[in-house]
Amino acid sequence: MELSLVSLGILFVTGLCAGFVDAIAGGGGLIALPVLLALGLPPAQALGTNKLQGSFGTLSAAANFIAKGLVDLRQCWTGMGFTFCGAVIGAVVIQRMDSGFIKHLIPGLLLVVFFYTLFSRTLGLKPGTPKMGQNLFFGLFGLGLGFYDGFFGPGTGSFWTGALLVFLGLDMTGAVGTTRVMNFVSNIVALAVFIIGGNVLWSAGLAMAAGQVIGARAGSGLAIRKGAVFIRPFFLTVVFLTIVRLIYVNYG
């Protein structure tokens, strides 16, 4: 598929915006994926190309959080391993079946994340009390959210951030940083499966990836500087808009 310079420019700007939003609160895929589909890419190729561009953004943001000492990779290895396994299974399954059934479930689950965060006014403003052990948490959520990200994807970052806040008691900045690490793992694993399946449009993905790196670096830097007081309302706004977007796509 040949893309014009105008199309590549639009993809670059889309990647920049998606990377900025995703680095702070997740949801970048809901910006990038519709643009790829609008270019006429088949759904599987659009998902694979989205994983390519998203991998660059999550790597850029994750590296920034790690460099600033807000994420300790030594505490993430268990989650990364289970996320790896879940993402492989999810990416293999999606190329063999329709994801239509799951798209109707996601807005309801995101509503739970939205209202729980909204009414728990101190959630994420400072570290809380963990509600489960770290290994159990990363085993359950790594497999589950890794599978979901490989299989479908939209809202994965929001689910990760919400789960880290509620069940591990992380503050908002730490939760967002850890989310970027887990998103990178599931993105890169799913991407490998999509590449093997021949479902990546490289020209589109790399144009968006260039924007992603810049946007993710800027977004993660802003999140680090401003902290939880800034991230919390931004997170709630993105989750709400994600819900509205999914409801419109599913039922509009």
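Tutor: Gladly! Let's start with a definition: buried means under 20% relative accessible area, exposed means over 50%, and partly exposed lies in between. Keep in mind that this is a predicted model.

Student: Why is cysteine 17 called partly exposed?

Tutor: Its relative accessibility is 36%.

Student: On to charges. How many salt bridges does the rule give?

Tutor: The count is 3 salt bridges. The test is a side-chain nitrogen of Lys or Arg within 4 Å of a carboxyl oxygen of Asp or Glu.

Student: What makes arginine 180 and aspartate 22 a salt bridge?

Tutor: Their closest N and O atoms are 4.0 Å apart, and the cut-off is within 4 Å, so the pair is counted. The pair links distant parts of the chain, with arginine 180 in helix H9 and aspartate 22 in helix H1, 158 residues apart.

Student: How do you know whether these two partners are buried or exposed?

Tutor: Arginine 180 has a relative accessible area of 1%, and aspartate 22 has 14%. Buried means under 20%, so arginine 180 is buried and aspartate 22 is buried too.

Student: What about aspartate 149 and lysine 51?

Tutor: Their closest N and O atoms are 2.8 Å apart, and they form a salt bridge. Here helix H7 holds aspartate 149 and helix H3 holds lysine 51, 98 residues apart. Both residues are buried.

Student: Which classes do arginine 74 and aspartate 72 fall into?

Tutor: These side chains meet in a salt bridge at 3.1 Å, N to O. Arginine 74 has a relative accessible area of 70%, so this residue is exposed. Aspartate 72, at 28%, counts as partly exposed.

Student: Finally, why can arginine 217 belong to a surface patch?

Tutor: Patch residues need over 30% relative accessible area, and arginine 217, in helix H10, has 45% and counts as partly exposed, so it passes that cut-off. Lys68, Arg225 and Lys226 gather with Arg217 in this patch of positive charge.

Conventions. Residues numbered from 1 in each chain as written. Predicted model: local features only at pLDDT ≥ 70, side-chain atom pairs only at ≥ 80, totals over all residues. Heavy atoms only, no water. Patch = residues over 30% accessible without salt bridge, like charges linked within 9 Å, V, L, I, M, F, W, Y side chains within 5 Å. Areas by Shrake-Rupley, 256 points an atom, 1.4 Å probe, with all protein chains shown as cover. Lys, Arg positive; Asp, Glu negative; His and termini not counted. Charge placed at Lys NZ, Arg CZ, Asp CG, Glu CD. Helix = DSSP H or I, 4+ residues; strand = E, 2+ residues; numbered from the N terminus. Buried < 20%, exposed > 50% of the residue type's maximum accessible area, 1.4 Å probe, protein only.
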